Amino acid sequence: MGTLSLILKEACHRKVNFAMSLMAVMVTVALFITYLTTAEASKRETTRVTRDIGFNLRIIPRETDMDRFWTDGFSELTMPEETIRKFADYEGVFMSYNHLVAVLQQRFALLGRDVILTGLSPTITAAKQKKQAMGFEIEEGTVHIGFQVAERLKLRKGDSLQLGDRAFSIVRAMVESGTEEDIRVYARLSDVQQVLGMEGRINEIKAIDCLCLTADQDPLKVLRAELDKALPEARVIQMRTIADARAKQRQTAERYFAFMSPLLLVVCAGWVCVLAVLNVRDRRSEIGLLRALGHGSARIAGLFLGRALLIGIVAAVAGYGIGAVLALNVGPEIFKVTAKAIQLEGGLLGWALLVAPAFSAMATFIPAMLAVTLDPATTLRAD
Amino acid sequence: MAETSNKSPIDSDMIRCVGLTKTYPRASGNVRSLRGVDLAVRPGEFITIRGPSGCGKTTLLLMLGGMLHPTSGQVRVSGQEVYALDARRRAQLRAASIGFVFQMFHLLPYLSVLENVILASTEPDATVSRDRSRTLLKQLGLSGREDHKPSELSAGERQRTAIARALVNRPKLVLADEPTGNLDPENAGEVFRYLSEFHHSGGTVLVVSHGSMAESFSDRVIHMREGNIVPDPGSDTPNTEAQGG
């Protein structure tokens, strides 16, 4: 009689033990599938949150008068717009910097008061990383206006705003920020260059540092060394508070998952192991009998490890299904910002089919060895 | 013309054990379960081993079946030194040459009657194995019960299933440990009748039994006490030597 046949019949007979073991592995697979499916969404959520904290790196012309820079809030000097492309093309730059946005900002008189007219280019990210752009894209001929500007000029979304000799459509009136953002008018970089008569010029590149630098190095030192090689004509300023907040936000999420994953695995392995030990105890006389009938250690180990593999395979398929349903239904509730981006990954089923049986077999290994080493004379004389 | 053989008397015995001892270490001191048992069994003998509880009957039976290493001494079954074989070959010897019958039947609860018998079969051809199992079950009066689970059988039927399982590989030797311990006299008689049929077809049977019923089927009765084979109450010498089969 085949081992698989014996395993299936035993599973049908001891339904509770089999179902409990199956549930342990299935829950683990489901949680991992949910986690892995939503992990990308979680990362994007974290990125969005940290983006909302703000860019933390400002690259400005090296000769900028820093006293004036801090007084005005921007550099009085400009750089060619190509600088950002040159920077982005520099090999390895995205190991340190990311989400590059070219900015041109100047004070601009608007109906008797100054606003900070700010032009933003589309975000440049590393092509290989396929990262989503973090900055908001501004359509040509449109503006986003700060809270104070909107209040003073009684402007709302859909109104028109005259900047120089061009009329712009207001697509967003921003909420009060309590910072100089409230007196900003954001427009597309090319539009601002035209309004200011500074075609092809920028005075800043905003960026976000790569957090992998923060482990055991001084990030600013590394960033400056990198910039010196890529853009010797520029200097970088790190917004330390924002950088720290970003680091804490992301590291908290990573630490949480780093803690939860092994904990989940250990709990599940323990659960499966205990149930397997109970199964072995329950089958002591059966093991003794099989020995008496001349079945060897491989056959007995095969019965228990084969059972574990079967549990792993069934749990992988069922866990994938449950995890997928959870990810697609609960995920959007948790990750509201990136809800639409949560997608099922078919490749995870393959991984689940490989890892879950192996994991289940490993958790059952010690009980299987207990079964193999069980003294048949002891079990059979229990009569 | 008389048949000649190169086999020594020792090799021609179905079972021969010499100086068998078994000691279990315990915290309170060693427990000596067997104290130097010598025994020879000729092919085709039906032997009953009797003795009080704890005298070492089951220990002896398990040792003869290659299931329990002696502390010292030798066991030969069909001319093979059982404990000189590695575990795999000893398992092969058990599967091919020895059938076991236990007091508690030890049927797998999740297999049908037929499957419990097939489980023991070493026949590689599944159809032959199935046919042989069905035939045995029929001979043992279990026709129509093949697809039942053990829990659906009476105690007597379960033990007959266990006998079919013990006989499925046409063993030379059947070792039965209190095979009627859980049966009423009628079923007990049935069990001994089937074991006796196996014996009359040339098989060797060793039965450990408390009851007196086994003796009426036996060629020889061996009495044990405190780990030794002792003379039966009506004799001066222990009945350890093989007799004509």
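The paragraphs below take up the interface, the cores and the surface in turn.

This is a predicted model, in which local features need pLDDT of at least 70 and side-chain atom pairs count only at pLDDT 80 or more, while totals for chains, interfaces and linings use all residues. Residues are numbered from 1 along each chain as its sequence is written, chains are lettered from A in the order in which they are written, and side-chain values use heavy atoms, without hydrogens and water.

Chain A gives 24 residues and chain B 22 residues to the contact (heavy atoms within 4.5 Å). Between them the two chains bury about 2100 Å², 66% of it on carbon and sulfur atoms; buried area is the accessible area (1.4 Å probe) lost on putting two parts together, summed over both. The rule finds 1 salt bridge across this interface (a side-chain nitrogen of Lys or Arg within 4 Å of a carboxyl oxygen of Asp or Glu). K9(A) and E115(B) also join their side chains in a salt bridge, at 2.7 Å from N to O.

The largest nonpolar core has 109 residues, and L39(B), L60(B), L64(B) and L206(B) have the most contacts inside it. Its largest share, 9 residues, comes from helix α10 (residues 297-329) of chain A. A second, separate core of 42 residues includes F94(A), V143(A), V192(A) and A234(A). Such a core is a set of buried Ala, Val, Leu, Ile, Met, Phe, Trp, Tyr and Cys residues joined through side-chain atoms within 4.5 Å, where buried means under 20% relative accessible area, exposed over 50%, and partly exposed in between (1.4 Å probe, protein chains only).

On the surface, V16(A) is exposed, with a relative accessible area of 63%.

Conventions. Helices (H or I, at least four residues) and strands (E, at least two) are DSSP runs, numbered from the N terminus.
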